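This report describes the charged, nonpolar and aromatic side-chain contacts of one protein structure.

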Amino acid sequence: MEFSELIKTATVESVLLSCAGLPAVKGTLCITSHHLLLSSCPGGDAQPGTVELWLLIRNVDAVEKRVQNLGWYQPPGTNGSPLDTRLAGSSGTITLRCKDLKVLQLEIPGMEECLNIASSIEALSSVDSVMMMYPFFYRPQSLRLEEGWHLFPLERHFQQIASQTSQWRLSHVNQDFTTCPTYPPSVIVPAAVDDDTLRKAARFRHGGRFPILSYYHPKNGTVMLRSSQPLTGPNRKRCREDEMLLGTVLDKGERGFIIDTRSAQAAKQARMTGGGTEPKSSYPQWRRLHRPLERGRPLQESFMKLVEACNDTSATMDRWLSRLESCRWLSHVKAALSTACLAAQCMDREEATVLVHGAEGTDTTLLVTALAQVILDPSCRTLRGFLGLLEREWIEAGHPFHLRCARSASSHARPKQEAPLFLLFLDCVWQLSRQFPFSLEFSERLLLTLFDNAYASAYGTFLCNNEKERCLCKVKENTHSLWAWLNQPEERTKYLNPLYSHNPLVIWPSVEPQSIQLWQGLFFRWIRSSQHLDEAWAEIQRLVESKDPHAKEGVGKRLSRSLSDPAAQTENER
């Protein structure tokens, strides 16, 4: 396929661009294979003061078009006959609803041009072949292809664990992806379990996702594992190797907790179709806790309803509150935080081993294990540690980004496998940053950048659904890593929290309804100006960088009073 075949009209003059909060701009619109460009200067030369649109077409979620006639007229010198009537002209309006929640409007002279532009954008934004996407063509001069892809090797993470305990080993059982197609080539497993046992246990787990180490808690040596559901089925099948694997991580007399992110009813129904849960008779040392978290269509529809409500600027207060409640997005945030806190509490306070799984182990499972680590581990709250956590617990762990982030909140297509699990995770991290404004080294800007790049990016970091697909597409050989870009000194400083102060303690968030707030920086990002907030943060940055030793403390106290509610104030932040 050639991109030129999808572009019906490449250039249109006198196009009017409108976007909320910005003055309208008229200029020349151009469509390339991956971008939509609008320049207010003839010929498209970027001159000082020029306002341009540079939109990655992959960012377009929905295209809405409206064509209208401008009227009829009688040319001079005619006798008024209807046969002499001419069409004065026509124009069209295209509304682009983007995956990053931005809404753009293009007024295009000429009905045919309007329809051609709309058709071209729809076709280009729907290209589903990974190797035809922009990251395979993007070549910034400041980066080399190999940079960033090996910043967070699992071997280094394992060495940190091995320096504290000898009970775990790095296994290459999945080197060729035959044991589990959605796991990375190497995984951390109990040292007492050999690879043959792992292979047999994998055949008893959905998709081959046998229990592996997710997190080692250095405070007390407890661990968190993750997997998919066991394939017990209606006949309650057993697997001695799976039972041995989970029994190995517990000492005699110890009890572990299985946090199942499905309801008890959903788990029971799964057993009828070949899935199921770990029966008490076969796993006597494990206690199962059901904490249902939505995924799939219910979560996607919640996201869509929230964005629709946020875009309704004419809503009354009562209607806004009603729509905010009915979309249930904040309830999903609360449920995710509560479940992550439960996992963290089992490890930190109960000193118990935890296994987390749902059905497939690639969605809500990763949401819980990643969030729990941000709560427990101060190293995961640094910029570098947080990016390493994303690499380990989302990307290498096999979250299907290509499927889940295919569409955002505005697509008119019927939801298939789309679901904003990663956005829900970022929202929960934002809640933590709001309740603990000193404890996270990175700022909201990083979370927004991650959201944008998960849905449409110039980098290959979030491409494909798992490591096997990335190897087949040769993503690491042919695209740039987002981590390399963020790790550049001049870029890195943009994403730092000026109030950060290392906090070695566990941060226990409040999950009371009054403590969970709407992430306005994301959902209202393009609806209302953030100028005053940006100016306030710039002033904070200036004060913190000043030589006044009391500036940071004073600014921090004022910010804490304004951002944090009393329920969220724990001894960790006082």
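## Side-chain contacts and surface features

Arg144 is exposed because its relative accessible area is 51%; in this scale buried means under 20%, exposed over 50% and partly exposed in between, with a 1.4 Å probe and protein chains only. The model is predicted, so local features need pLDDT of at least 70 and side-chain atom pairs count only at pLDDT 80 or more, while totals for chains, interfaces and linings use all residues. Residues are numbered from 1 along each chain as its sequence is written, and side-chain values use heavy atoms, with hydrogens and water left out.

Arg144 takes part in a salt bridge with Glu146, with 3.0 Å between the closest N and O atoms. A salt bridge here is a side-chain nitrogen of Lys or Arg within 4 Å of a carboxyl oxygen of Asp or Glu. Glu146 is partly exposed, at 48% relative accessibility. In total, the structure holds 24 salt bridges. Three of these pairs are listed below.

| Glu146 | Arg144 | 3.0 Å |

Helices (H or I, at least four residues) and strands (E, at least two) are DSSP runs numbered from the N terminus. Both partners are partly exposed: Glu122 has a relative accessibility of 30%, and Lys65 has a relative accessible area of 44%.

Asp195 is partly exposed at 24% relative accessible area.

Patches are made of residues with over 30% relative accessible area and no salt bridge, like charges being joined within 9 Å and nonpolar side chains (Val, Leu, Ile, Met, Phe, Trp, Tyr) within 5 Å. Val67, Met111 and Leu115 make a nonpolar surface patch of about 220 Å². Leu115 belongs to helix H1 (residues 111-125) and is partly exposed at 38% relative accessibility.

Turning to the aromatic side chains, the whole structure contains 20 aromatic pairs. Rings of Phe, Tyr and Trp (its six-membered ring) pair if their centres lie within 6.5 Å; planes under 30 degrees apart count as stacked, over 60 as edge-to-face and the rest as tilted. Tyr138 and Tyr459 form an edge-to-face pair, 5.5 Å centre to centre with 90° between the planes. Tyr138 lies in the loop between H1 and helix H2 (154-162) and Tyr459 in the loop between helix H13 (444-455) and helix H14 (467-473), so the pair ties together parts 321 residues apart in sequence. Tyr138 is buried at 19% relative accessible area, and Tyr459 is buried at 8%.

The rings of Tyr459 and Trp485 have centres 6.2 Å apart and planes at 35°, so this pair is tilted. Trp485 lies in helix H16 (residues 482-486), 26 residues from Tyr459 in sequence, and is partly exposed at 23% relative accessible area.

Key
Accessible areas come from the Shrake-Rupley method with a 1.4 Å probe; for residues, only the protein chains shown count as cover.
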